[in-house]
Amino acid sequence: MSTRTMRRQVLLFISVLSLSSVLGQVSYSIPEEMPKGALIGNIAQDLGLDVKRLKSGKARIYTGDSEEYIELNRERGVLLIKQRIDREALCGETTPCALHFQMILENPIEFFTVTIEITDVNDNPPTFERGEMKYEISESALTGARFVLEKAIDDDVGVNGLNSYTLKPTDNFVLKTISRGDGSKNVEMVLQKQLDREKHEHMSLILTAVDGGEPQLSGTMHILITVLDVNDNAPICSKPEYKASVTENAPVGTVITTVSATDIDKGNNGKVTYAIPKSGAAGLFQIDVDKGVLTLAGNIDYEKRKLYELDVQVADQGGLSDACKVIVEVVDANDNTPSINIMSKPHSISENVKPGTVVTVLNIQDPDSSDNGKVLCVLDENIPFVMKSTTNNFYTVVTESDLDRERAPEYNITVTCSDEGVPSLSSSVTLTLQISDVNDNAPVFERSSYEAYIVENNTPGLSIFTVKTRDADWNQNARVSYILEDSSVNGVPVSSYVSVSADSGVIHAVRSFDYEQIKDFHFRVKAQDGGSPPLSSNVTVKILIQDQNDNAPQVLYPVQTGGSLVAEMVPRSADVGYLVTKVVAVDVDSGQNAWLSYKLQKATDRALFEVGLQNGEIRTIRQVTDKDAVKQRLIVVVEDNGQPSRSATVSVNVAVADSFPEVLSEFTDFTHDKEYNDNLTFYLVLALAVVSFLFITCLVVIISVKIYRWRQSRILYHSSLPVIPYYPPRYSDTLGTGTLPHVYNYEVCRTTDSRKSDCKFGRAGSQNVLIMDPSSTGTMQRIQSEKSILDEPDSPLEVSPFEYKTVI
């Protein structure tokens, strides 16, 4: 609940327009935090009302839009606590704190005002907004310095409110409370004793706020004080005098001794620096400003001076200082070593210089005399350089053999010079010589030739692979560019097939490849460096196209024709395993994509035929019987082994019969069944009209034909005339060179006086294939002509009503 709403409850004033006057009023005083259901007072008795009047008048409490803290019990006529009342939440610091509401009766309407004063209970201790406060106070702060502290907050009022503060410990500070005109109190911390950081750098005080209630409540806050340092102590040397020794001609930087001093101040005030005043010997020595390490800064010679006295000054950042003395004794030694002076210091030399080229000139000096001044200089072994003496004290370093940057791009030439003294003294110097590059190495491919694979039907622009080279040269001389050499593939420029990235050597496909059109091709790539003149090398790249299963199998045999029906003849005497025909198919893909398998998808009689899974041969799986239908239709599925696989289907018509007339009759009916049209209903109606006439006529004709055929067969059986072999027109034997691995043939034999021909099947030769023209509806008749049918095999008379063809 907001403070504004609470104040609106306290200052609530209700105006009831329908009432002309207030009949009565009553006041109560209760403490806060009373439990729910606690008794406030007997309002019926206090107003002089009967409890029955409260019931009949439907007495109720009206508080407007304020929250209801009080409830009326009409049965008892008393006021009760409806919910706990927090005076601080209700009124804050406002006093007195009261609830104002009305009790209304009906029949007749009566209006009473009720005021309940809420008295404070000491239920809130003094609290600080922060648990701790931090101060940084200089140890130079003067006595009487004041520091304002944070005030405590106590939500209670009156005697229960904030009363006093205490501060502990009070060694350096005392507490001062200042009362203001509005009744509030400010609290300050006053310095009464000067601080000393060297004794106490950190101080912790506790500020306690106490109220005046019963029981007395309190709150605390920690005060953390950091004492800031003041430069009030001078540095002090550890010793007033230091003694040390150093060998003459000791190298610069030799540590002689270390001077130390201390300052009990902190931070920059306690930071000590060391210095040597300027004097005649100051240039030979130097001291570390922060650490006090005394080192040799120049060359000292025992023959010139045997003792040095140095004054060292130590000072802090505030200007306070101290001083000490350092006595340095020089120790004698064989102090003259050969000195090597580089007259011209080279940085690089080209790798194609000739032997005997001067690299650098050296000057060797040794101030000693006699044997101590005689110097011998040598170079490191296994380097292509030698040292030659020219004039007195001058030497040259020259090349001894050819240089090769690719073998050694840098040489560290160490020159060592030794005198002949006892003991011998020597000195050395190292020259770093860079060998500059010359474009003397052509790019070298990682392989002598490349072979890469790409799957057909690729996306143009696809990266195939990368050719890489090594060039032992450096920088621009080793910067290789790749160039596709001009050539042609099947008369087409190779650039229309592939492209090469000049910088990376990545070979991209320019077009989409088709394995069935091109299986591989090769070209050359040239790698050329950036030298002057440039060097290059070539490599042959062979691209192999990998096959995808993108072509379905194609059936070569049997040939599917739209205008005729092809039928394979199987005699009824055929044994189990009889080869009916062979489905021949090819797949222009390669590998397993071209591995074909054959399956029988549909057949008139599945129990009669089977198809070889690998060879496509259609064979009988049982003995042919007279009950088997003449017309057999097989649908064979040819499927490759690709992923996903592709397939093709072929229909094979098989005639199960011992004679061609029987086959012709059945397949003529078969063709007629397929030539019905959408007017079938009309023909059925017409057939019903003439069925009686046709039935009688057909019955007579069938009986006559049967008698006639029986008589002819008897005549043929008793005939002693020779049998003349007859080959149908357009018959050809491929001698096993076609798509079928085996060749089968058939012979048609006729007698000179017979009206019926017989078929004779051979075990080897060409295969029987019966092709009928569906448009032919005639029956097999004996053809008579003046010319012999054997003399004219291509006579038109033999084409109709049916013809024989051999399909390989």
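Reader: Which residues does Gln 632 touch, not counting residues up to four places away in sequence?

Author: In this predicted model, Gln 632 lies in strand β50, which spans residues 631-640. Its relative accessibility is 3%, so Gln 632 counts as buried. Leaving aside residues up to four places away in sequence, the residues that Gln 632 touches are Thr 604, Asp 605, Leu 608, Phe 609, Val 652, Asn 653, Val 654 and Val 656.

Reader: What share of the contacts in the protein chain with a separation of 6 or more comes from residues 24 or more positions apart?

Author: The secondary structure of the chain comprises 6 helices and 56 strands. Buried residues account for 39% of its 808 residues. Among contacts with a separation of 6 or more, the share from residues 24 or more positions apart is 66%.

Reader: How many disulfides does a search of the whole structure find?

Author: A disulfide is a covalent bond between the sulfur atoms of two cysteines. One joins Cys 91 to Cys 97, and another joins Cys 377 to Cys 417. With the bonded cysteines numbered in sequence order, the pairing is 1-2, 3-4. The search of the whole structure gives a total of 2.

Reader: Is the disulfide of Cys 91 and Cys 97 right-handed or left-handed?

Author: The S to S distance between Cys 91 and Cys 97 is 1.8 Å. Cys 91 is buried at 5% relative accessibility, and Cys 97 is buried with a relative accessible area of 2%. The torsion about the S-S bond of Cys 91 and Cys 97 is about 60 degrees, so this disulfide is right-handed.

Reader: How many residues apart are Cys 377 and Cys 417?

Author: Cys 377 and Cys 417 are joined with an S to S distance of 2.0 Å, as a disulfide, and the link is right-handed, with 110 degrees about the S-S bond. The pair connects distant parts of the chain, from Cys 377 in strand β27 (residues 375-379) to Cys 417 in strand β30 (residues 410-419). Both Cys 377 and Cys 417 are buried.

Reader: Is Cys 698 buried or partly exposed?

Author: Buried means under 20% relative accessible area, and exposed means over 50%. Cys 698 has a relative accessibility of 42%, so Cys 698 counts as partly exposed.

Technical notes. Residues are numbered from 1 along each chain as its sequence is written. This is a predicted model: local features need pLDDT of at least 70, side-chain atom pairs count only at pLDDT 80 or more; totals for chains, interfaces and linings use all residues. Side-chain values use heavy atoms; hydrogens and water are left out. Helices (H or I, at least four residues) and strands (E, at least two) are DSSP runs, numbered from the N terminus. Buried means under 20% relative accessible area, exposed over 50%, partly exposed in between (1.4 Å probe, protein chains only). Contact means heavy atoms within 4.5 Å. A disulfide is a pair of cysteine sulfur atoms within 2.5 Å.
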